[in-house]
Amino acid sequence: MGQVRKFDDISEALAPLRSAGKKIVFTNGCFDLLHVGHVRYLQEAQALGDVLVVGVNSDASVKRLKGPTRPVQIENDRAEILAALGCVNFSVIFTEDTPENLIKKVKPDILVKGGDWKIEQIVGGTFVASYGGQVMSLQFIDGKSTTKLIEKAQLESKS
C-alpha cells in the first residue's frame, strides 16, 4: 500500500529510492470519482518505472478547474484512495492549478499524462526534458470520465 505524503516531504521520501537507482514516474489529476479509466491509466504509468507518484489537485484547485459543484470527494479522501491502489506508491496534494512546483520537487524520470494531452501541452514537460527525463502521453480510455459518471447519476436520479 502506498503513502499519502505532504508536499514538503515528498523529496525526502523519494531520496533513498532515487539513491537505490529506482525509476520515478509522476502523473497528476483531480481523480474525483475513481473509475476504470483512472485505474488502467495508473497501472500503465506504474509499469513504466519502479515508483509512481501521483499529484492530486486540492479541493480549491478542482473547484477552479471543474466548477462550483466539484469536487465530489474531499482531497484527503481522494489522496488516500489513490495511495491504497497497488500501483501507486505516493500521493501528494498540491494547491496550485498546475503541478509544476510539485514536479520540480519530485524531479521524475518519467512524466506522464493521459492521451487527451499532447506532449507539448504537458505541464512540467520542459523541466523534465531539461535533465534528460521522458515526457509521455498514455492511452486515453474513451468514454470513461468522472464528468460522464456524474451526468449518468444525475439522469438516473431524475427518472
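This is a predicted model: local features need pLDDT of at least 70, side-chain atom pairs count only at pLDDT 80 or more; totals for chains, interfaces and linings use all residues.
**View 1. Arg78 and Asp59 are joined by a salt bridge, with 2.8 Å between their closest N and O atoms.** A salt bridge is taken here as a side-chain nitrogen of Lys or Arg within 4 Å of a carboxyl oxygen of Asp or Glu. Residues are numbered from 1 along each chain as its sequence is written, and side-chain values use heavy atoms, with hydrogens and water left out. Arg78 is buried at a relative accessible area of 1%, while Asp59, at 22%, counts as partly exposed; buried means under 20% relative accessible area, exposed over 50%, and partly exposed in between, computed with a 1.4 Å probe on protein chains only.

**View 2. Arg70 and Asp32 meet through their side chains in a salt bridge, at 2.7 Å from N to O.** Arg70 lies in the loop between helix 3 (59-66) and helix 4 (75-84), and Asp32 in the loop between strand 2 and helix 2, so the pair ties together parts that are 38 residues apart in sequence. Arg70 and Asp32 are each buried. Phe31, in the loop between strand 2 and helix 2, has a positive phi near 50° although it is not a glycine, and its relative accessibility of 7% makes Phe31 buried. As background, most residues other than glycine have a negative phi, and most peptide bonds are trans.

**View 3. Arg64 and Asp97 form a salt bridge whose closest N and O atoms are 2.7 Å apart.** Arg64 is in helix 3 and Asp97 in the loop between strand 4 (90-94) and helix 5 (100-106), so that this pair too links distant parts of the chain, 33 residues apart. With a relative accessible area of 38%, Asp97 is partly exposed. The structure holds four salt bridges, among them the pair shown here.

**View 4. Asn57, in strand 3, makes a side-chain polar contact with the side chain of Ser61 at 3.2 Å.** A polar contact is a pair of N or O atoms within 3.5 Å; within protein, one must be able to donate a hydrogen and the other to accept it, and residues adjacent in sequence count only if both atoms are side-chain atoms. Asn57 is buried, its relative accessible area being 3%. Leaving aside neighbours within four places in sequence, the residues in contact with Asn57 (heavy atoms within 4.5 Å) include Asn28, Gly29 and Cys30, as well as Arg78 and Asp97.

**View 5. An open sheet of six strands is arranged in the order 1-4-3-2-5-6, with parallel pairing.** Strand 1 (3-5) and strand 6 (134-137) are the edges, each pairing on one side only, where two strands pair if DSSP finds at least two bridges between them. From one strand to the next, the twist averages 25°, with axes being lines fitted to C-alpha atoms, for helices over the stretch in contact, and angles running from 0 to 180 degrees between N-to-C directions. Strand 2 (residues 24-29) and strand 3 (residues 51-57) run parallel and are joined by six bridges, and Asn28 has Gly55 of strand 3 as its bridge partner. Helix 2 (residues 36-46) packs on the sheet, where it touches strand 2, strand 3 and strand 5 (110-113), and its direction makes about 140° with that of strand 3.

**View 6. Helix 2 has Gly37, His38, Tyr41, Leu42 and Ala45 as buried residues.** They cover an arc of only 125° around the axis, which puts them on the same side of helix 2; the arc is that of the directions from the helix axis to the C-beta atoms. Thr27, in strand 2, is buried at 0% relative accessibility. Beyond its neighbours within four places in sequence, Thr27 is in contact with residues including Tyr41, Leu42, Gly55 and Val112.

Note on methods. Helices (H or I, at least four residues) and strands (E, at least two) are DSSP runs, numbered from the N terminus.
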